[in-house]
Amino acid sequence: MQEYRIILTWGAIYDVTDIADYIEEEFGQQRADRFQSDLKEQMQNLSQFSTAFPRTQILYRGYSIHKRSFPPSIIFYIIMEETKEIHILRVLRHERDWENILLQRSTYTYPE
């Protein structure tokens with residue numbers, strides 16, 4: 001089975017930081033660290049099972065955005081078959097209006 005390279009946008013990095021900060025504030029450092037560790041594992045699992053999760057009706061640069069539920073969050077990503085990459089666009093909490101957020105965002109930037 002072909003594994004894909006995982007690439008995070010700045011938006012996804014900031015989302016994870018915001019969620020971890022919230023968890024730390026509400027539930028403590030240990031729980032925030034566990035969230036980040038578990039999230040990293042879930043992202044790595046996408047490299048092998050990326051197509052197992054549903055697509056949204058939203059496109060980004062012609063690619064369908066997929067969503068992977070990871071309570072209290074949802075991981076949004078695209079699969080770039082030609083380069084064997086998965087781009088994590090955002091990691092949003094379930095209660096956020098994610099559809100509206102994804103529709104408003106026209107481009108994503110990446111760390112160098």
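Let me begin with a hairpin, which strands β4 and β5 form with 4 residues between them, and in whose turn lysine 84 has a positive phi of about 55°. Please keep in mind throughout that what we are looking at is a predicted model.

If we now step back to the whole sheet, 5 strands make up an open arrangement in the order β1-β5-β4-β3-β2, with mixed pairing. At the edges stand β1 and β2, the latter covering residues 55–60, and because each has a single partner strand, one side of each is left without a neighbour in the sheet. On average, and ignoring direction, neighbouring strands here are turned by 35° against each other.

Helix α1, residues 10–27, packs on this sheet, where it touches β1, β4 and β5, and its direction makes about 35° with that of β5.

On the β2 side, 3 bridges join β2 to strand β3, residues 63–70, and these two run antiparallel; leucine 59, for instance, has serine 64 in β3 as its bridge partner.

That leaves one question about β5: why can we call this strand largely enclosed by the rest of the structure? The reason is that 9 of the 9 residues of β5, residues 85–93, are buried, where buried means under 20% relative accessible area.

Conventions: Residues are numbered from 1 along each chain as its sequence is written. This is a predicted model: local features need pLDDT of at least 70, side-chain atom pairs count only at pLDDT 80 or more; totals for chains, interfaces and linings use all residues. Side-chain values use heavy atoms; hydrogens and water are left out. Buried means under 20% relative accessible area, exposed over 50%, partly exposed in between (1.4 Å probe, protein chains only). Two strands pair if DSSP finds at least two bridges between them. Axes are lines fitted to C-alpha atoms, for helices over the stretch in contact, and angles run from 0 to 180 degrees between N-to-C directions. Contact means heavy atoms within 4.5 Å.
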